[in-house]
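I opened this structure to look at a few of its helices and strands. My notes are below, in the order I made them.

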Amino acid sequence: ESQEGYTGGAGSVRHGTVTDLLSFVNLLSHMQAAALQHLPEEMGVLLNKVSINGRYKINKDVLLFPWQLTYKNRGSDLVPKGSFGKVHLAQDITTRKRMACKLIPMENFRGAEIEFQARFCHENIAKLYGALLWEQNVHLFMEAGEGGSVLEKIDSCGPMREFEIIWVTKHILRALEYLHSHNVIHHDIKPSNIVLMSDKAVLVDFGLTVQMTEDLYIPRDLRGTEMYMSPELVLCRGHDTKTDIYSLGTTIIHMQTANPPWVRRYPRTAYPSYLYIIHKQAPPLEDISDDCSLAMRSFLERALEKNPTLRKSASELLKDEAINPPKEDQ
Ligand SMILES: Nc1nnc(-c2c[nH]c3ncc(-c4c[nH]c5ccccc45)cc23)o1
């Protein structure tokens, strides 16, 4: 396949390599707002083999649908919102292939989101199929988690059972082990960024992802979602990949109790922000569910360790007995 950069003109969609896609993203990041005003038609690069003859028209060659929730609260026209965009279900007319399509307004567009998802491939990371620019929105086509997100499952079906939590945790730990081995921090591990398929759970939304060049990442801003933030991230004095492990621990508490940590003891109505609580209080072990197994409780103590150097890594936690129960337990 061609290695040269994105050579398509304005209004052309082409098959390409990851390099071509990254060149297109680079082009987008440097395009003047004026140039984006009146594009004659879609422009972009598709990595997967969808049928195009130089064009891939939204609502002609690929249809977008608001996502019909897979759980009982169907009626709601909830369109899941990512960090910077709405996610629709997309279906290629010719191949019938179903994808997720996230619409990111150009003003929110961050090339890094596509770059990480294009460069880092793992079965537990939502695959990126391509990116198109159309009508001031970047359309990101990705692998679809048709079972919805873990947050939708919790909101619809209540607390998850431990064997379900173990299943999700193992898939996400594999994604984190892979990302962390490349010094990549996701920065937004939480139930709404984990989506479900019939045979796996995958991590989505790389809008806040960074790759560390030193042993510590010194943040310029606060990244993530408050309830799931680690104490060291809140302190803003530098953190590393272990912050994702802490967020996974708080995500497990949310899966067990159908509430994020802290909120039952510190109601949102009385606490507009939880940053000080996360900084001052001991880790939220009190929010662990009453029926949590001893093994899972020990796992959470290791994942929620306040000192990141003492906190276990993804590789270490993958060997933990809590997520490798003896056969007779299953
Ligand atoms: N923020 C973000 N960035 N990329 C994604 C994403 C990639 N593939 C996906 N597949 C499904 C869903 C999804 C989220 N909530 C849902 C509720 C019902 C059905 C599906 C979903 C989201 C994605 O999400």
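Entry one. I note that the model is a predicted one. I began with helix α3, residues 111–119, and asked how many of its residues are buried. The count is 7 of 9, so I put the helix down as mostly covered, taking buried as under 20% relative accessible area. I listed the buried residues as G111, A112, E113, I114, F116, Q117 and A118.

Entry two. I looked up what covers those residues of α3. The cover includes the helix α1 (18–30) and the strands β5 (98–105), β6 (128–134), β7 (137–142), β8 (184–185) and β11 (210–211).

I turned to α1, which has 13 residues. From its first C-alpha to its last I have 18 Å, close to the 18 Å expected at 1.5 Å a residue. Which residues of α1 are buried? I found D20, L21, F24, V25 and L28. Seen down the helix axis, the buried residues of α1 fall within an arc of 140°, so they line one face. They pack against β1 (13–15), β2 (43–46), α3, β6 and β7.

I checked the start of α1. There a side-chain oxygen of T17 comes to within 3.2 Å of the backbone nitrogen of T19.

I then looked for the partner strand: β3 is joined by 4 bridges to β4, residues 86–92, and the two run antiparallel. Opposite V62 I found D92 of β4.

Technical notes:
Residues are numbered from 1 along each chain as its sequence is written. This is a predicted model: local features need pLDDT of at least 70, side-chain atom pairs count only at pLDDT 80 or more; totals for chains, interfaces and linings use all residues. Side-chain values use heavy atoms; hydrogens and water are left out. Buried means under 20% relative accessible area, exposed over 50%, partly exposed in between (1.4 Å probe, protein chains only). Contact means heavy atoms within 4.5 Å. The expected span of a helix is 1.5 Å times one less than its number of residues. The arc is that of the directions from the helix axis to the C-beta atoms. A polar contact is a pair of N or O atoms within 3.5 Å; within protein, one must be able to donate a hydrogen and the other to accept it, and residues adjacent in sequence count only if both atoms are side-chain atoms. Two strands pair if DSSP finds at least two bridges between them.
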